[in-house]
Amino acid sequence: MINRRAFISRSGTALGATALSGLLNPSLYGTAAASAGTHFAPKAKRLIYLFLAGGPSHIDTFDYKPAMRKLHGIELPESIRNGQRITGMTSGQKAFPCVAPMFEFKQYGQRGAWVNSDILPHTASMIDEMAVIKSLHTEAINHDPAITYIATGAQQPGRPSLGAWLSYGLGSENANMPAFVVMISQGRGQKQALYSRLWGSGFLPSRHQGVQFRSSGDPVLYLSNPEGLDRSTRRAQLDVLGALNADSAELSRDPETIARISQYEMAFRMQTAVPEVVDISKEPESVRNLYGPDVMKPGSFAANCLLARRMSEQGVRFVQIFHQGWDQHGSLPSKLRLQCEDIDQACAGLLKDLKQRGMLDDTLVVCGGEFGRTIYSQGALSADNHGRDHHGRCFSTWLAGGGVKPGMEYGVTDDFSYNILENPVHIRDLNATILHCMGVDHRRLTFRYQGLDQRLTGVEEARVVNALLS
Amino acid sequence: MKSSRLFSVKTFVFLVLGLWFVPQGLVCAAGGVSPDFNRDIRPILSDKCYYCHGPDDAHRKGKLRLDTAEGAAKVLGNKNAAKSELLHRVTSKDPDEVMPPPDGNIGKSLSAAEVELLKRWVESGAVYSKHWAFLPPERPRIATQPTERLHPIDALARRRLTEEKFSFNPPASKETLIRRMTLDLTGLPPTASEIAQFKTDTSPDATQKLIDRVLASPHYGERMALLWMDLARYGDSSVYHADGPREMWGWRDWVIGAFNANMPFDQFTIEQLAGDLIPKATLAQKVASGFNRNHATTDEGGVIAEEFRVDYVVDRVKTTSNVWLGLSLECAQCHDHKYDPISQTEYYRFYSFFNNTKDGGMQTRNGNAAPMVEIPDPEADVKLKLAQEAVNKALANLHAAGQPKLKGKVFSDWAAPKDIENAKPFPVEGVVMHIPCVESDKTILVSSLEGLNASTGGIALAKAERAGTSGLTLAGNVSAVFDGGPQLDGHSPFSFSVWLKIPAVSGSASILTRMKTDATYRGFDIGLENGKPGLHLVHQWNGSALKLYAKDPLQKDTWQHIVLTYDGSGKASGVHLFVNGDLWEMKVQADTLSASSETDAPLVFGGRQDGSRFRGDVSEVTLWKRELAVNEIKDAAQSYIQALRYYPVDLRTETQAKALAQAFLLGQDRSDATQRTAYAKALDAELKSRKGLSSVMVMEDLPEAQRRATFVLSRGQYDAPLKDREVKPGVPAILPPLSSEGEFDRLSLARWLVQPGHPLTARVTVNRIWQMLFGEGLVRTSEDFGMQGEMPSHSDLLDWLAVEFVESGWNLKHLIRQIVSSQTYGQDGRQTPQTLELDPENRLLARGPRIRLQAEFIRDNALAVSHLLNPKIGGPSVKPYQPAGVWEEVALDTNLSKFTPDTGEKLYRRSMYTYWKRSSPHPSMVTFDATTREKCTGRRSRTNTPLQALVTLNDPQFVEAARAFAQRVIRESGTSASDRVTFAIREALGREPRSREVEALSELARTEFERFQNEPEKARRLLSVGEHSRDKTIPEQEHATWMVIANTVLNLDEFLVK
């Protein structure tokens, strides 16, 4: 008989692995009723984060003001910039001409929110499901620090990602699927790098790192048996392995050996569970159509959104999709159009699909990037072309579904969408709010490392934005 | 127990107190002994109170300080628990009174056991003592029975066991011991013959002989280096933003060598932290200082360089303090440390040791950033020699094939023209180098004179038109490297002439240069700065150098003739510049040349070795080893080769004749391209092999005059120095002072870390070695010996090891020998019902270590057993199999965006040499808990997941290893299934098989053989995994069958653990 406490405490970490670890077999730990372990009743059981990497322009999407048209071409007033630092890419510019969006905007939903009707018509049609934060802000002004910051709570590498914290705190609902899945799609605009640290486990046990699902080759690395080795052979191998390892366990009394037997069994089950979940061929056409024409293109944002829904349905706690290409330093009018074309219908489709299944009530969807972009043009401003530099002083992100008040806007920025006038939301506050929706108190989800009870939101003040909560 | 992390704090208290404090507490209660402050009380106060009532002045609440006796006196009740405000507050039921505040940042209330300990401590007089880790270690007294000859380690371990009513496990079997020790100290398994030899050696010193042999293995250095690479955050890429390539393997190889040579750890410390500052530092010592260049660096276009320069300094403080002090100094970057007595001011004193290095905030996405040193790469030297021989041969072939032509009329008409009246005067005397800049098949640059070979690396050169002669257009991305050629030593005269046409007058561009890429910049450089011609002659930049550039730039878009002359005086006044024959004024920027500028760097045309590429048109590059007279300047605008053509044949020197011949064969003659193409190819190959030379980034401080003052940064912000709080280098007051007076630098810091009596360095180091061998340190928080770190499980043992280590002369092999010779280490690893129930984590050391191998050794083990392993030590990192797309999905389009696996022997190198791209490290290794090495990591997690099973079952590296192992099984054992299984188990696990193993695996072999007989195609497909060739004499179905068995054996739990 294996002592369960021994099991639990053999984690190789200071605290021991008492969390429901995403990939452990629940039969060893009792039912994986993870929600029983939350700090308070969760509004959202699962999370889908559509991360737009590169810094999508808030001005050209959700933080438009009609009065901006009058600002077009004028020099950004010093009273607005107010001596704030800007990146090395534009700090040497002689002029900072403001640019009104080169797109059409319309008012949508019950509150008449302005949204880009040119390139986000589908998303705009779902505005009454969404809470749009217009006053998100970050100190970082460059990609690497900014994306690391929003994804892990610190600008330097080394900390666990949001998903790793969720895996650590809440575990998985499905014994055959990881708790935290990551998928990547390439955009068509200027691309920035991603880093495995964005879904890494930092100082948490590495089983909490996001498992990347891929659109070509094995959906999960090394999932397939070698060529020529059948599933029946694999079964026979595992039977022998199981029996011989059990003999070893009897001699050594090592609980890890018993655990290893079950990990091999779970690997075997994953070999069928994963291909099933990524096979969208059996999805009805009516459902696939919700996500737009790209949905049948493996690795597209649309395909990943549909997969995210399927995984959520299967109990994957957190699916994070990274869509690249949002770094519009130049050619913004054409490149942003391509980027939005990639995501517009899929975002709306995901919300509709979740809603029609009754899943939107307890699935939180978040969509946004690591910072926004400047009102002023980077480089020359011409009649139909311009770029925008990075802007962390305010940017927009929307949330929808479990735990979030639908059809609202939060935070107000100035006429230049440059500074926040009301209700600032730091990216730490966003992370605290996401955890809150998942039933987790960001102050209490901690892990002792280097003498400190570390947490996602770090040591600085972070608050849950109650006004956003339903 | 709730299976949720959210209740983990309580779980933890339960587990830890259940195992540690309660039994000891009971002993205490029974014996009436008061709680020990360091062991029992400080952990509670630190964890629950110091956040608000600790060392941080700025954040202290209610003016109450509990980390000092004076501060706490007023709430301790003077031995009367009932009067203690402290006890009142921690037990209060009133939410407004109770501490810690329920809604505060701590949010953790005290357990009943903790309250009880505090109460008894108060009643016993509330004695404070200095934190144990800040007191110097003392060798503990070891009382053993006179009849016993116990190893001190065993005496100390047993003392604790006896207290807790445990006893040692019996010794491990010899097979287990040799396997454990060999894996622990080399990362590789013992061979069958090594095992057999050890088993049959019944001499009393058999184990000592084993230890000798293992410690002498060159793989020992590799194993130790791997431990160090995690701490040193070693990687082959730059981490931030583009995460481009860098080359630090020269540093890694230094580490391997240092461990193998058993360099004393104090020296090892000093050379890595301050090797560059050691007087007359050797190349190896400079390379060692690369330790603190391994950190992440950025290349992101928009960054503010100072922000990242500060980031690098912060990283060095963190790494240095984590690695040597076991303290999280980094917590005091923004405010005083919350738990440890380290103020923000002290943080910046420590920081200032690292705040004067030369490297900048903005670095590169492509290679190493200065300061760096070049390192010889023996392998590359061999390749380069071969390539150079090939070039010489190709050139000889070209001349040989050209001999008939050189005797022909076409040549003689060209080389000795009759129209002598068209001859132009030219200073032929003293020419030592000439590049006519004739476009030749758009691949090579024609050079001439004295065995000078050049290459452009196959980049096309366009022909540029210039009236009267030819030229080349250099696009700003090409340079030619020459083998040999003239030196400009600074004390001999020379003259240089060139025709240029430039499209812009910005940036710096070199035309002809021979200059080191290390921090000396020794050599010469002739070129343009913002369009202004000039030169550098450097002995040591910038203390001994000449630098002059024109006051005005050249004209854009027009051909101009430039001549620089130098009289060899070593003075700026000896340099003259002529443009189109007119003397131009120059601006002297350095005039301190005091010694030779001769260097072993190669001669480069069109740019420096590492950049400064020339963009524009160039023609007629000529160098004389003499100062041209003023009346020769105008003539120098003519062509050397043209002049030679009209030069009397009988007066031509052999060199001049050869120059003409070569110019003809390469540039003039168009009759047959075969030899020219072969020559071009050879040159190209030669250039590529030059790239095999490597460099290492090193530490180097700014010269005195450019030193930065260090200020406390408000809230740690790079742009918020507090100008009234300048600090000088220093160490935290809680630790011993720096041992000498005067100005302190990194060298002082390094020496301080290893000075006698330092309380931390030796303890932290021996603990890390213990962790390597036992899976956990005696102090489990091996990176944190501060207040929040865990207490050592065996303080006396830790101190014994620390003192022994220092007294042995910081001798690591001695330390390791002590540990692995002990009975404690040599115990059987199995759990007993008692350990499983009461000490599952082996904190009491009642059994030997039985833990899963680390990522690298799992793969190495499979490669070793299958005899695929390539045991080569050191050199550039390699790229073994990796699934397609892993890098491409995340990378920017840079040099590291595409992963191309190596082939051949490089696929089977030890895993520590796997190319470590830190934004996307090798997935199989990461699955087995390898860290990304973006930051210093002292402890890896050790998880157990299904993804790991998928790696060892399906990763082609492991599948191929199974195929090769199966081949061994078939070739090296008998023909019966039981013979083969026996062999496989012996080889893989180092022991005799159990009957059940023979039965089950033989039966599996039988059924699999049937399966493959029915489906032979599947056998063929299975055998196709991996590029290593197969012994085709083995029937496919038989080989595939045993491959399945091998794959099974290589996945046995026992294969994966030590």
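Which helices and strands do the buried residues of H7(A) pack against? I started my notebook with that. The model I am reading is predicted.

**Entry: helix H7 of chain A**

I looked up the partners first. The buried residues of H7(A) pack against helices H6 and H13 (427-437) of chain A. They also pack against four strands of chain A: E1 (46-52), E5 (180-185), E7 (318-323) and E16 (447-449).

Next I checked burial. Nine of the nine residues of H7(A) are buried, so the helix is largely enclosed by the rest of the structure. I wrote down the names: A:Leu162, A:Gly163, A:Ala164, A:Trp165, A:Leu166, A:Ser167, A:Tyr168, A:Gly169 and A:Leu170.

A:Gly171 follows H7(A), and its phi is positive, near 70°.

**Entry: where chain A touches chain B**

I turned to the contact between the chains. On the chain A side I found 90 residues, in contact with 93 residues of chain B.

**Entry: two helices of chain B**

I picked H27 (855-865) and H30 (956-972) of chain B. Their axes come within 8 Å and cross at roughly 25°. Angles under 35 degrees count as roughly parallel. H27(B) and H30(B) are therefore roughly parallel to each other. I noted the handedness as well: H27(B) passes H30(B) in a left-handed crossing.

Which residues meet here? From H27(B) I listed B:Arg859, B:Ala862, B:Leu863 and B:Val865. From H30(B) I listed B:Gln957, B:Phe958, B:Ala961 and B:Phe965. By class, this contact has six nonpolar residues, one polar and one charged.

**Entry: strand E20 of chain B**

My last stop was E20 (694-697) of chain B. Are its faces covered or open? I found both faces covered. B:Ser694 and B:Val696 are buried on one side, and B:Ser695 and B:Met697 are buried on the other.

I then looked for a partner strand. E1 (372-375) of chain B is joined to E20(B) by four bridges, and the two run antiparallel. In this pairing, B:Met372 stands opposite B:Met697 in E20(B).

Key:
Residues are numbered from 1 along each chain as its sequence is written. Chains are lettered from A and ligands numbered from 1 in the order in which they are written. This is a predicted model: local features need pLDDT of at least 70, side-chain atom pairs count only at pLDDT 80 or more; totals for chains, interfaces and linings use all residues. Axes are lines fitted to C-alpha atoms, for helices over the stretch in contact, and angles run from 0 to 180 degrees between N-to-C directions. Angles under 35 degrees count as roughly parallel, over 145 as roughly antiparallel, 65 to 115 as roughly perpendicular and the rest as oblique. A crossing is left-handed if the near helix is turned anticlockwise from the far one by less than a right angle, and right-handed if clockwise. Two residues are in contact if their C-beta atoms, placed from the backbone, lie within 7 Å. Ala, Val, Leu, Ile, Met, Phe, Trp, Tyr, Cys and Pro count as nonpolar, Asp, Glu, Lys and Arg as charged, and the others, Gly among them, as polar. A residue is buried if 20 or more other C-beta atoms lie within 10 Å of its own, exposed if 12 or fewer, and partly exposed in between; C-beta atoms are placed from the backbone. Two strands pair if DSSP finds at least two bridges between them.
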